[in-house]
Amino acid sequence: MEKCPFAPAKNIDQDSELAKSPVGNYSEYLQLNSLLQLQVRRTDDPLAHDEHLFIVMHQNTELWFKQILYELQSIQQILHNSKVCEKSQQIVFQRLVRINCILRIMVQQFEIMETMSSIDFQAFRGIFKDGQSGFQSTQFRLLEKIIGIKEGQRCCTFLEGLSDDKKEVAKDKDDEEDICSLIFEWLSRTPALDQFITSYEKVVGDEVKNLLHAAEEIRLIDPSESNNFSKEAESMRSNFAIIFDSHEFENSSRKQGRRIPYLAFMGALMINCYATEPRFSVPYEIIKNLVDMDELLAKWRFAHAMMAKRIIGGRQGTGGSKGYIYLRSTVSDRYMPFVGLFEVASFVLPPQKLPALTPSMKREISRVYTG
């Protein structure tokens, strides 16, 4: 059984012994006796009834983080291979779907937490006088690191708020290539990409010429409509120019804080344009689910921020952060490593105007794609 890489090292022998022991009944297999003893309230005040809900919700969230990390690390291992075969792509797709299902549930779970009023929370908030906070979640920091959120993109340092032992766990992952980088390397290897870029540039250029020709034809008959055609042609020319100039694209991406390299972007564009081609159907679903994951994490952050605003208002967070203000500041493109994939939609042509795949392109993408 593959072990979660983020479990403390001291559990390795214990888990090994457990794996050798009989499965036992339902309760023994799930270790329910241990699990159900972990929801320990720190106050016996009857007015602090909701502390139990608070504990259950946060423990549940950490369990979901553990499962997401487990899936992400398996995806990371697959993408580390220089060849990502079709079978492996299917596994990546299925595990991304699972992660997104979990994230949707996690967003919905805030509705349960919001059944706790601000006064209910204040009844036990005083027990966090030493700064205990979700801000100290090591697993969420590791999740951010493994998907590709860089130190310079964060509102705080990656290690801020973590205990010394958890800092060491996090530092152990510093040398690992994140999923964002691995995905972009994979997209850069899209088959027939050079031919696609050439043919796409020609089609865009032809469309601009057609618009200018239409403008000229009706210039004397309908000057207003002619002007509209001219504006559309100029807009198309200027908007699309950046994807046919790799240096300009890279410079623009850096200025806007987007990590996606030129070839990875064009690979994603090609896959989106020809998603119905058998070779690109699974890669398209992978891209779609990466975009979904970015969006769902943003929704989770926003739901978290709004819950905090409802329950603590403008107060400081228990971990010393600015509470709602800090949480709301994380709902931004800086925390979306795949935000560059969203921009692909800006350059997709109508299906009627897409360049036809040439025989050589068809041959290349019909080969068994190993990535």
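Modeller: Ala, Val, Leu, Ile, Met, Phe, Trp, Tyr, Cys and Pro count as nonpolar, Asp, Glu, Lys and Arg as charged, and the others, Gly among them, as polar. The model is predicted: local features need pLDDT of at least 70, side-chain atom pairs count only at pLDDT 80 or more, and totals for chains, interfaces and linings use all residues. Residues are numbered from 1 along each chain as its sequence is written, and side-chain values use heavy atoms, without hydrogens and water.

Biologist: What makes the lining of the largest cavity nonpolar, polar or charged?

Modeller: The lining consists of Ile68, Leu72, Ile99, Leu103, Leu143, Ile147, Met293 and Leu297. Ile, Leu and Met count as nonpolar, so the lining divides into eight nonpolar, no polar and no charged residues.

Biologist: Which elements give two or more residues to that lining?

Modeller: They are H4, helix H5 (86-108), helix H8 (138-147) and helix H15 (278-312); helices are DSSP runs (H or I, at least four residues).

Biologist: What describes the packing of H4 and H10?

Modeller: Two packed helices are described by the angle between their axes and the distance between the axes. For helix H4 (residues 51-79) and helix H10 (residues 179-188), the angle is about 35° and the axes are 10 Å apart.

Biologist: Why is the crossing of H4 and H10 called left-handed?

Modeller: A crossing is left-handed if the near helix is turned anticlockwise from the far one by less than a right angle; H4 passes H10 in such a left-handed crossing.

Biologist: Which residues meet there?

Modeller: Leu72, Ile75, Gln76 and Leu79 in H4 meet Ile179, Leu182 and Ile183 in H10, contact being heavy atoms within 4.5 Å. These divide into six nonpolar, one polar and no charged.

Terms used. Axes are lines fitted to C-alpha atoms, for helices over the stretch in contact, and angles run from 0 to 180 degrees between N-to-C directions. On a 1 Å grid over the protein atoms alone, a cavity is a set of points where a 1.4 Å probe fits but cannot get out, and a pocket is an open set with protein on both sides within 12 Å along at least five of seven lines; lining residues have an atom within 4 Å of a point.
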